[in-house]
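Below is a short report on one protein model. It starts with charged pairs, then turns to helix packing and a pocket.

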Amino acid sequence: MKISNLKIGTRLGLGFGIVVLLLAAVAFIAVSRINMLNQATDRILNDRFAKVSITKQMQSEVNLQARYLRNAVIGANDPAEVSLSVTKVAESSKKNVELTNKLEKMLNTPKGMELFKNMTDRRELYRNARDQAVKLLQDGHAEQAGKFVLKDLRPPQNAFFDSIIVMAD
């Protein structure tokens with residue numbers, strides 16, 4: 001049976017049916033690709049961007065802590081300034097703990113968990129050094145605190161910064 005032997009209406013019907021089938025296939029492929037694109041966009045916006053945003057906030061809080069500590073060292077002759085700066089360091093530290101806990105809940109890959117562990121280990125070293133600087137300030141040893149901030153606090157702070165940057169990447 002040849003197509004040329006079919007009536008014109010049958011041929012038109014077959015042609016139209018093939019066009020409709022092709023259109024349905026194209027529509028199915030388009031909808032599936034849009035869904036894949038939507039999932040990828042959702043993953044970027046709600047997962048990756050959120051994690052980067054949190055790490056940038058953490059970095060900002062550590063910068064604030066450093067600034068407050070330096071303000072306390074500079075204003076060491078004024079007990080109110082030292083007290084205010086130490087209070088602000090504690091508030092910023094609390095925010096960082098909350099951000100760290102929020103970030104930990106978002107991790108979903110072994111590599112992310114490994115980077116997070118490295119970051120929290122570095123954060124602990126930084127926290128210990130920062131707390132030691134605060135103690136020196138509170139005990140009235142401003143000169144020692146200043147030297148400590150410049151020489152002993154910077155390496156763990158920089159290591160913590162580096163681990164935050166790696167985490168964000």
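## Salt bridges

The structure holds six salt bridges. A salt bridge here is a side-chain nitrogen of Lys or Arg within 4 Å of a carboxyl oxygen of Asp or Glu. Side chains of opposite charge can pair when their charged atoms come close. This is a predicted model: local features need pLDDT of at least 70, side-chain atom pairs count only at pLDDT 80 or more, and totals for chains, interfaces and linings use all residues. Residues are numbered from 1 along each chain as its sequence is written, and side-chain values use heavy atoms, with hydrogens and water left out.

Which residues are linked in a network of salt bridges? They are Glu124, Arg127, Arg130 and Asp131. Take Arg127 and Glu124: their closest N and O atoms are 2.3 Å apart. The two sit three residues apart in helix α3 (residues 110–138), so about one helical turn separates them. Helices are DSSP runs (H or I, at least four residues), numbered from the N terminus.

Arg127 also forms a salt bridge with Asp131, with 3.1 Å between the closest N and O atoms. Asp131 and Arg127 are four residues apart in α3, again about one helical turn. How accessible are these side chains? Arg127 is partly exposed, at 30% relative accessible area. Glu124 is partly exposed at 31%, and Asp131 is partly exposed at 33%. The cut-offs are under 20% relative accessible area for buried, over 50% for exposed, and in between for partly exposed (1.4 Å probe, protein chains only).

## A pair in helix α4

Lys147 forms a salt bridge with Glu143, and their closest N and O atoms are 3.6 Å apart. Both lie in helix α4, four residues apart, or about one turn of the helix. Are they buried or exposed? Lys147 and Glu143 are both exposed.

## How α1 packs on α4

Two packed helices are described by the angle between their axes and the distance between the axes. Helix α1 (residues 8–74) and helix α4 (residues 142–168) pack at about 175 degrees, with axes 11 Å apart. α1 is therefore roughly antiparallel to α4. Angles under 35 degrees count as roughly parallel, over 145 as roughly antiparallel, 65 to 115 as roughly perpendicular and the rest as oblique. The axes are lines fitted to C-alpha atoms, for helices over the stretch in contact, and angles run from 0 to 180 degrees between N-to-C directions.

The contact of α1 with α4 has 16 nonpolar, five polar and two charged residues. Ala, Val, Leu, Ile, Met, Phe, Trp, Tyr, Cys and Pro count as nonpolar, Asp, Glu, Lys and Arg as charged, and the others, Gly among them, as polar.

Phe49 lies in α1. At 53% relative accessibility, Phe49 counts as exposed. Phe49 and Ala168 are 119 residues apart in sequence, yet 9.2 Å apart in space, C-alpha to C-alpha.

## The lining of the largest pocket

The lining has 16 residues, and Arg48, Lys51, Thr109, Met167 and Asp169 lie nearest the centre of the largest pocket. A pocket is an open set of points on a 1 Å grid over the protein atoms alone, where a 1.4 Å probe fits, with protein on both sides within 12 Å along at least five of seven lines; lining residues have an atom within 4 Å of a point. α1, α3 and α4 each supply at least two lining residues. α1 gives the most, with six. By class, the lining has six nonpolar, four polar and six charged residues.
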